[in-house]
Each structure stands twice: as structure tokens, then as C-alpha cells.
Amino acid sequence: SSSSFSSWMRKVTVEKSCLVPRNSSARSPFRRGNIGVGVQRCATPTRIYAASTTKPDYSSPDFELAHAPIEKQLLPNGPWKVIPNAGVTAPEGFQVSAYKAGLRKSGTRADCALIVADESCSCAGVFTLNAVCAAPVQFCKKQLEVKSTSRAILINAGQANAATGVLGDEDAMTCAKAVSDVTGLDSSDVLLMSTGVIGRRIKMDKFVPAIQALGEHLERSDAASMAAATSICTTDVVRKTLAIEVDINGTKVKFGGMSKGSGMIHPNMGTMLAVVTSDANVSPDVWTKMVKRVGTKSFNQISVDGDTSTNDSLVCFASGRSGMKQITDENSPEAKQVEEALNAINLGLAKAIAWDGEGATCLFETNVKGAKDDEDARTIARSVICSSLLKAAIFGHDPNWGRIACAAGYAKTKSALDQNRLNIAMGGITLMKDGQPVDFDEKKSVDVFEGNNVEARYRSC
């Protein structure tokens with residue numbers, strides 16, 4: 001079995017992304033009201049309305065942020081193709097909006113986003129294991145325990161609404177109702193995410209009017225997708241968004257996603273939020289199993305600082321709008337193709353969080369092969385990547401591979417480690433073979449640290 005684990009310790013110059021509209025913008029077809037401006041097909045009866053808020057200007061600096069190099073550096077290789085400059089609205093059946101409500105303590109960046117599906121979607125989530133989990137996490141878990149479908153997700157930055165007691169729970173319910181009021185959806189079809197300062201309630205006097213604006217200005221465009229990815233960021237230096245497509249039996253199936261996170265990143269999970277959309281047609285029970293497996297392999301395999309947050313959430317939607325036949329068998333070839341692509345986009349988004357770690361200088365990835373099972377492989381990888389001594393060595397560009405062996409040795413695996421069968425390599429340079437140190441060119445090994453990423457390999461057969 002094998003596993004990998006990533007941690008980011010370096011800031012690198014990044015490109016600025018382009019904003020290229022996919023389709024012309026359209027106001028929400030869900031808003032209640034009397035005067036008609038826009039209509040669109042939707043499972044809920046179409047609402048005709050007059051917008052009461054000003055449409056946000058997504059070309060404004062408030063919605064801009066440099067782009068993480070997911071497409072070029074962090075997305076795994078596979079049969080999928082990147083959809084340039086696209087995000088959560090790349091798959092069929094999704095609209096998004098972003099807005100600046102004024103929730104942040106400082107700065108002018110936008111701070112909230114809303115994603116709405118045209119029809120009911122298969123929906124599943126993976127959430128923090130921190131016992132002091134935030135009100136929106138509790139809200140989502142309760143929603144998804146009742147049913148595995150949903151239509152919308154509301155996200156805010158600025159206040160985490162964590163450790164806020166009963167009043168925080170009431171704020172969460174108020175937010176869901178506000179989404180329901182502006183979209184016409186049932187509140188049971190609404191999910192929530194929050195990020196920001198723990199112990200602070202959301203500034204509801206500013207957020208509720210912003211929800212009205214979000215609902216009134218939903219659209220399917222790359223500009224809105226990029227703005228949304230920016231608006232959910234906190235200490236992030238870059239926005240993290242991506243879209244891919246894969247051919248499944250002649251049908252183009254698309255996946256789009258965005259994530260945020262930079263600090264308080266550790267397995268189970270870190271201060272991270274991620275939303276992935278897809279137009280794959282997958283039954284809710286199969287989709288739920290896929291998302292749980294993918295979460296384990298991606299967002300639960302990154303670490304920056306060892307702190308597990310109160311708000312971590314990964315939520316994935318599948319609209320079924322691609323035109324493919326519904327997948328009801330998780331072992332079918334089509335299911336495996338969908339899960340492989342879902343895993344790829346989640347891995348790219350997860351690595352982008354590690355890449356953007358607070359105060360970091362290098363992305364370090366550990367691959368483990370030859371363990372008894374996946375659980376042991378993940379345990380060893382986690383132990384190595386979370387070693388403070390190893391992080392210090394990598395920061396100092398010191399190929400002190402003994403610290404890799406040490407961290408692998410104290411990993412709490414079910415099966416005992418045989419050090420006489422231990423192989424270690426870093427950046428393609430073999431450092432230990434069958435338990436014996438190997439002479440190596442130290443200068444070449446130091447050169448490994450000059451790149452953007454460092455890879456260590458551990459093997460025990």
C-alpha cells in the first residue's frame with residue numbers, strides 16, 4: 001500500500017489569473033418578487049423579481065487575488081483536461097456570486113460567496129474532528145444526516161462563528177433562512193461554511209443584507225467563480241480554484257472547485273474550506289462514499305503547523321447534468337473514472353493549501369510504499385511530514401535524511417517496521433537502501449531544495 005502527505009514551507013512568485021467570462025451573467029431565477037427581469041430552468045418554481053441591490057463589479061481589486069499554480073504544478077497527471085480560467089460554475093447546473101459585506105476587521109477584500117444549483121444535487125461532506133466544531137459545521141452535519149442532497153452553500157470569511165454557543169447556532173439558522181428567503185429554496189437545501197476569527201459571531205447586521213445581494217446576482221461565469229474563490233480567503237496569499245473535464249463513455253463530465261486555507265492546517269482536517277461541484281450523475285449513496293474516500297486521500301493528508309481547526313469542511317455536489325447515465329454501482333468502471341477525477345481535483349486543491357502555508361518556504365511531499373495497508377502508509381507519511389526537526393532541516397536546505405528515518409521509526413503503525421528493509425530517497429537521490437546508508441553527492445542533494453517542491457520516498461517491503 002502507498003500514501004502521500006504534503007506540507008508547504010515556501011512562498012513562491014505566482015502568476016495572475018485572467019478573468020474570462022464563460023457565459024453572459026444572469027440574475028437569480030430564484031428571487032421572490034413581482035417585476036420580471038430574468039428566468040431560468042430550475043426544479044423550484046421560477047421566481048420573477050426586481051433586484052434591490054447593486055451588482056458587484058468583479059473586475060474591482062476587492063475581488064482580485066493572485067492564482068495558485070494548481071494546473072501547472074499541483075494537479076496529478078491523468079486522463080482529465082484542465083478547463084482554463086474556470087471554477088465552480090464550469091460543470092453544468094451551478095451559479096455563483098460573491099460580495100463585500102464588510103465582515104473583515106481590516107482590508108477591502110470581498111468576504112462572502114453563494115453557490116446555488118439549478119436542481120437538487122447529490123451532496124456529501126467531510127468535516128473537522130475537533131470537538132469544538134463551529135456552528136456552521138454542526139449545521140451541515142445535521143442537514144446531511146437527514147438527507148444526502150442539497151442545492152446551495154453560503155460561505156463567509158471574517159468570523160468563524162466557532163465557540164459562539166447557542167447564539168452562534170441561531171446565527172447559522174438565520175443565515176440559512178436568509179438564503180431561503182432570497183432564492184425560494186427550502187432551508188433544508190442550504191449548507192453553510194464560515195472562516196475567520198474563532199470566538200467571534202458573524203456580523204449579522206452586515207451579513208444578512210449581503211445574502212440578499214448574493215441571491216440577487218447569481219450567475220454562471222468564470223468572473224463570478226474567481227471572485228468567489230477570492231472572497232472566501234483569509235490569510236491566503238493566493239486564491240485556489242480549478243476546473244477539469246474527463247471523457248466517460250463519450251460524455252464530457254466536468255468538475256470545478258475552490259478551497260481556502262493557509263494556517264491551522266493539520267490532518268482531520270486543518271483551517272480549510274473546500275467546495276467541489278460536478279455534473280456527474282451519481283446516486284447520493286455512491287457519491288457519499290466517494291467523497292469520504294477522496295477526503296481521506298486529499299485534505300486529510302496535508303499539514304502545515306500541526307493545529308486542527310474548528311471549521312474544516314469539504315462539501316461536494318453532483319448535479320447529474322452532464323447527460324451520462326446515473327452511476328448506482330460504486331464498483332463500476334464509470335464510478336472508478338468519476339472517483340479518480342474527483343480525487344484529482346481535491347488533491348490539487350489540497351496541495352494548494354499546503355503550498356500556501358503561513359510563513360512556509362517549501363512544499364514537502366512524502367510518498368510511502370510497501371506498507372501493510374493504506375492506514376499504515378498514511379500513518380508513516382504523516383509522521384514524517386509533521387516532524388518539526390525534519391521541517392527545520394528542509395528549511396535550512398540540509399539533506400539530513402536521518403530525521404526521515406527517525407520519524408518513520410516512531411510512527412504508530414499496526415505492523416512493526418523492519419529497519420533492515422528500509423529504503424529512503426529524496427528528490428530522486430537514494431540515501432538509504434535495505435537499511436544501509438548510501439554514499440551520495442551532498443551538493444546535488446542540496447540542489448533539490450532549490451526547486452518549488454521537495455519529495456521524499458520511503459519504502460519498506
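Colour the chain by secondary structure to begin: it has eleven helices and 15 strands, taken as DSSP runs (H or I, at least four residues, for helices; E, at least two, for strands) and numbered from the N terminus. This is a predicted model, in which local features need pLDDT of at least 70, side-chain atom pairs count only at pLDDT 80 or more, and totals for chains, interfaces and linings use all residues. Residues are numbered from 1 along each chain as its sequence is written, and side-chain values use heavy atoms, with hydrogens and water left out.

The accessible surface comes to about 18,000 Å², with 50% of it belonging to carbon and sulfur atoms (Shrake-Rupley method, 1.4 Å probe; for residues, only the protein chains shown count as cover). Of the 461 residues, 57% are buried, meaning under 20% relative accessible area, where exposed is over 50% and partly exposed is in between (1.4 Å probe, protein chains only).

Strand 7 (residues 240-248) runs antiparallel to strand 8, joined by nine bridges; strands pair if DSSP finds at least two bridges between them. Find Val246, which stands opposite Val253 in strand 8. Two residues lie between the strands of this hairpin, and Asn249 takes a positive phi near 55° there.

Stay on strand 8 (residues 251-260): nine of its ten residues are buried, so it is largely enclosed by the rest of the structure.

Jump to helix 7 (residues 333-355). Its 23 residues reach 33 Å from first C-alpha to last, close to the 33 Å expected at 1.5 Å a residue (1.5 Å times one less than the number of residues). Because 18 of the 23 residues are buried, helix 7 is largely enclosed by the rest of the structure.

Last stop: the aromatic rings. Rings of Phe, Tyr and Trp (its six-membered ring) pair if their centres lie within 6.5 Å; planes under 30 degrees apart count as stacked, over 60 as edge-to-face and the rest as tilted. By this rule there are two aromatic pairs. Select Tyr58 and Phe63: their ring centres are 5.1 Å apart and their planes at 85°, so they sit edge-to-face. Tyr58 is buried at 6% relative accessible area, and Phe63 is buried at 5%.

Then pick Phe94 and Phe317, with centres 6.4 Å apart and planes at 70°, so this pair is edge-to-face. The pair links distant parts of the chain, with Phe94 in strand 3 (residues 94-99) and Phe317 in strand 10 (residues 313-318), 223 residues apart. Phe94 is buried at 1% relative accessible area, and Phe317 is buried at 1% relative accessibility.
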